[in-house]
Amino acid sequence: MNEIVKTTLAVAASQVGVKELGTNAGPQVTAYLKSTGLPAGNPWCMAFVNWCEEQAAKQLGRKSIIPNTASCDVFHNWAKKNNLLKSAPQQGDCFLIYKVLTPQSFDATHVGFVLDVVKDEAGTIVRVKTIEGNTNSGGSREGDGVYRRSRPLGPKIRFVRWALMAKKEA
């Protein structure tokens, strides 16, 4: 795992336990949203991802890689354009969860970081351990804080191998 990914995951881990004050508000949630130019009150899972990577980039004295957005759909489109969307996870990836609108359209609704992959006895990846913002202990995409979670793989989840862009930027 490269330095920007390691540092970003460390920043994300330092935020576990942050809780909203009100709905999509509070000092730290406001900071996440402000990093993308949005005020408190907006959904913030992608703003959390953006903020963590931005903080890591500052620590390392380099440019941010992840697009400056609070939109999961914008992140999806960036990943697709750069051939970063994968069906199997790796440590350090971001995950995207999708809601299917029609057979031809979807909405990327939630995002977070992959900390680790969990395999069954046969060596098949079955779950990902994550750190994610704007979730809760039940895994909602409209939660109340930053949590460590464990999520099953399935047809509505994809992975963004953003570290590939870090290699291009190096």
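Trainee: Hi! Which strand does Asn-134 lie in?

Mentor: Asn-134 is part of strand E4, which covers residues 125-135. Keep in mind that this is a predicted model.

Trainee: Okay. Is Asn-134 buried or exposed?

Mentor: Asn-134 counts as buried, because its relative accessibility is 0% and the cut-off for buried is under 20%.

Trainee: Which side chains does the side chain of Asn-134 make polar contacts with?

Mentor: One partner is the side chain of Trp-44, at 3.1 Å. Another is the side chain of Glu-142, with a polar contact of 3.4 Å.

Trainee: And what else does Asn-134 touch?

Mentor: Leaving aside residues up to four places away in sequence, its contacts include Glu-20, Asn-24, Pro-43, Cys-45 and His-110, as well as Ser-140 and Arg-141.

Trainee: Switching to pockets: what volume does the largest pocket have?

Mentor: About 190 Å³. Its lining has 13 residues, and those nearest the centre are Pro-43, Cys-45, Ala-70, Cys-72 and Thr-109. Pro-43 and Cys-45 are also among the residues that Asn-134 touches.

Trainee: What's the lining like by class?

Mentor: There are 7 nonpolar, 4 polar and 2 charged residues. Helix H3 (45-60) and strand E3 (105-119) each provide at least two lining residues.

Trainee: Last one, helix H1. How many residues does H1 have?

Mentor: H1 has 12, running over residues 3-14, and it spans 17 Å between its first and last C-alpha, close to the expected 16 Å. At its start, a side-chain oxygen of Asn-2 comes within 3.3 Å of the backbone nitrogen of Ile-4.

Trainee: Which residues of H1 are buried?

Mentor: Ile-4, Val-5, Thr-7, Thr-8, Leu-9, Val-11 and Ala-12.

Note on methods
Residues are numbered from 1 along each chain as its sequence is written. This is a predicted model: local features need pLDDT of at least 70, side-chain atom pairs count only at pLDDT 80 or more; totals for chains, interfaces and linings use all residues. Side-chain values use heavy atoms; hydrogens and water are left out. Helices (H or I, at least four residues) and strands (E, at least two) are DSSP runs, numbered from the N terminus. The expected span of a helix is 1.5 Å times one less than its number of residues. Buried means under 20% relative accessible area, exposed over 50%, partly exposed in between (1.4 Å probe, protein chains only). A polar contact is a pair of N or O atoms within 3.5 Å; within protein, one must be able to donate a hydrogen and the other to accept it, and residues adjacent in sequence count only if both atoms are side-chain atoms. Contact means heavy atoms within 4.5 Å. On a 1 Å grid over the protein atoms alone, a cavity is a set of points where a 1.4 Å probe fits but cannot get out, and a pocket is an open set with protein on both sides within 12 Å along at least five of seven lines; lining residues have an atom within 4 Å of a point. Grid points are joined across faces, edges and corners, and a volume is the space filled by probe spheres set on the points. Ala, Val, Leu, Ile, Met, Phe, Trp, Tyr, Cys and Pro count as nonpolar, Asp, Glu, Lys and Arg as charged, and the others, Gly among them, as polar.
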